Structures are given as structure tokens and as C-alpha cells.
Amino acid sequence: MSENDLQLLQDILPFLIPLILIQLGLIIFALIDLIKREKTRGPKWIWVLVILFFNLLGPIIYFVIGREDE
């Protein structure tokens, strides 16, 4: 890794850390909500895949589309 790469990493790290924390928080919150919820729009296993593999958008898609009012 060159000195320029290290400098670039140091420059963008303060911006990446909050994004990573937001992403992890959304994923955890969405998975907890999914586990507790009795009804969803579609099978729960599909929502687990959406939440985990679509990074930041997966949990948002679940909260907007996947939740079914009880």
C-alpha cells in the first residue's frame, strides 16, 4: 500500500465510519423487527436475504414494503 493510498484512507475514514454504523444499525433493527413481526408481505427468509445482501437499501425496502400492519 503506497503512501498516497494511506493518506486517501485517512481522509475518507471519518466519512465511512458513520455510514457503516448507520448501515449496521439499520440491519440489526430490521432483523429484530422481522423476527418479532408475525406477518410480512412475503416469506420471512426472503426478507432476511434482502436485508442482509442489499446493504443500506435492504433494510429501508423492508421497512417501506415488507412490513404488514397487524
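Leaving aside its neighbours within four places in sequence, which residues is Asp33 in contact with? The contacts of Asp33 are Tyr62, Phe63 and Arg67. Asp33 itself belongs to helix 1, and its relative accessibility of 14% places it among the buried residues, because buried means under 20%. The model described here is a predicted one.

## Helix 1 and helix 2

Helix 1 spans residues 3-36, and helix 2 spans residues 44-53. The axes of these two helices lie 10 Å apart, and the packing angle is about 175 degrees. Helix 1 and helix 2 are therefore roughly antiparallel to each other. On the side of helix 1, the contact is made by Ile27, Ala30, Leu31, Leu34 and Ile35. On the side of helix 2, Lys44, Trp47, Val48, Ile51 and Leu52 take part.

Three residues of helix 2, namely Trp47, Val50 and Ile51, are buried. Viewed down the axis of helix 2, the buried residues fall within an arc of 95 degrees, so they line one face of the helix. Trp45 and Phe53 are exposed on the other side of helix 2. The packing partners of the buried residues in helix 2 are helix 1 and helix 3.

## Helix 3 and its partners

Helix 3 covers residues 57-66. Its buried residues are Gly58, Pro59, Tyr62 and Gly66. They cover an arc of only 100 degrees around the axis, which puts them on the same side of helix 3. Helix 1 and helix 2 are included in what covers these buried residues. The face turned away from the buried side of helix 3 carries Leu57 and Val64, which are exposed.

How do helix 2 and helix 3 meet, and at roughly what angle do their axes cross? The two axes come within 6 Å and cross at roughly 140 degrees. Helix 2 and helix 3 are therefore oblique to each other. From helix 2, the residues Trp47, Val50 and Ile51 take part in this meeting.

## The nonpolar core

The largest nonpolar core has seven residues: Ile27, Ala30, Leu34, Trp47, Val50, Ile51 and Tyr62. Helix 1 and helix 2 are the elements that give two or more residues to this core. Ile51 is one of the core residues. Apart from neighbours within four places in sequence, Ile51 is in contact with Ile27, Ala30, Leu31 and Leu34, and also with Gly58, Pro59 and Tyr62.

## The loops and selected residues

The side chain of Thr40 reaches the backbone oxygen of Gly42 at 2.7 Å. Neighbours within four places in sequence aside, the contacts of Thr40 are Leu34, Trp47, Tyr62, Gly66 and Glu68.

Asn55 lies in the loop between helix 2 and helix 3. Although Asn55 is not a glycine, it has a positive phi of about 45 degrees.

The table sets out the accessibility of several residues.

| Residue | Relative accessibility | Class |
|---|---|---|
| Thr40 | 13% | buried |
| Asp33 | 14% | buried |
| Pro43 | 39% | partly exposed |
| Asn55 | 44% | partly exposed |
| Leu57 | 56% | exposed |

Why does Leu57 count as exposed? The relative accessibility of Leu57 is 56%, and exposed means over 50%, so Leu57 counts as exposed.

## Separations along the chain and in space

Two pairs of residues relate sequence to space. Leu57, which lies in helix 3, is 31 residues from Leu26 along the chain, and their C-alpha atoms are separated by 9.5 Å. Pro43 and Ile60 are 17 residues apart in sequence, and 17 Å separate them in space, C-alpha to C-alpha.

Conventions. Residues are numbered from 1 along each chain as its sequence is written. This is a predicted model: local features need pLDDT of at least 70, side-chain atom pairs count only at pLDDT 80 or more; totals for chains, interfaces and linings use all residues. Side-chain values use heavy atoms; hydrogens and water are left out. Buried means under 20% relative accessible area, exposed over 50%, partly exposed in between (1.4 Å probe, protein chains only). Helices (H or I, at least four residues) and strands (E, at least two) are DSSP runs, numbered from the N terminus. The arc is that of the directions from the helix axis to the C-beta atoms. Contact means heavy atoms within 4.5 Å. A polar contact is a pair of N or O atoms within 3.5 Å; within protein, one must be able to donate a hydrogen and the other to accept it, and residues adjacent in sequence count only if both atoms are side-chain atoms. A nonpolar core is a set of buried Ala, Val, Leu, Ile, Met, Phe, Trp, Tyr and Cys residues joined through side-chain atoms within 4.5 Å. Axes are lines fitted to C-alpha atoms, for helices over the stretch in contact, and angles run from 0 to 180 degrees between N-to-C directions. Angles under 35 degrees count as roughly parallel, over 145 as roughly antiparallel, 65 to 115 as roughly perpendicular and the rest as oblique.
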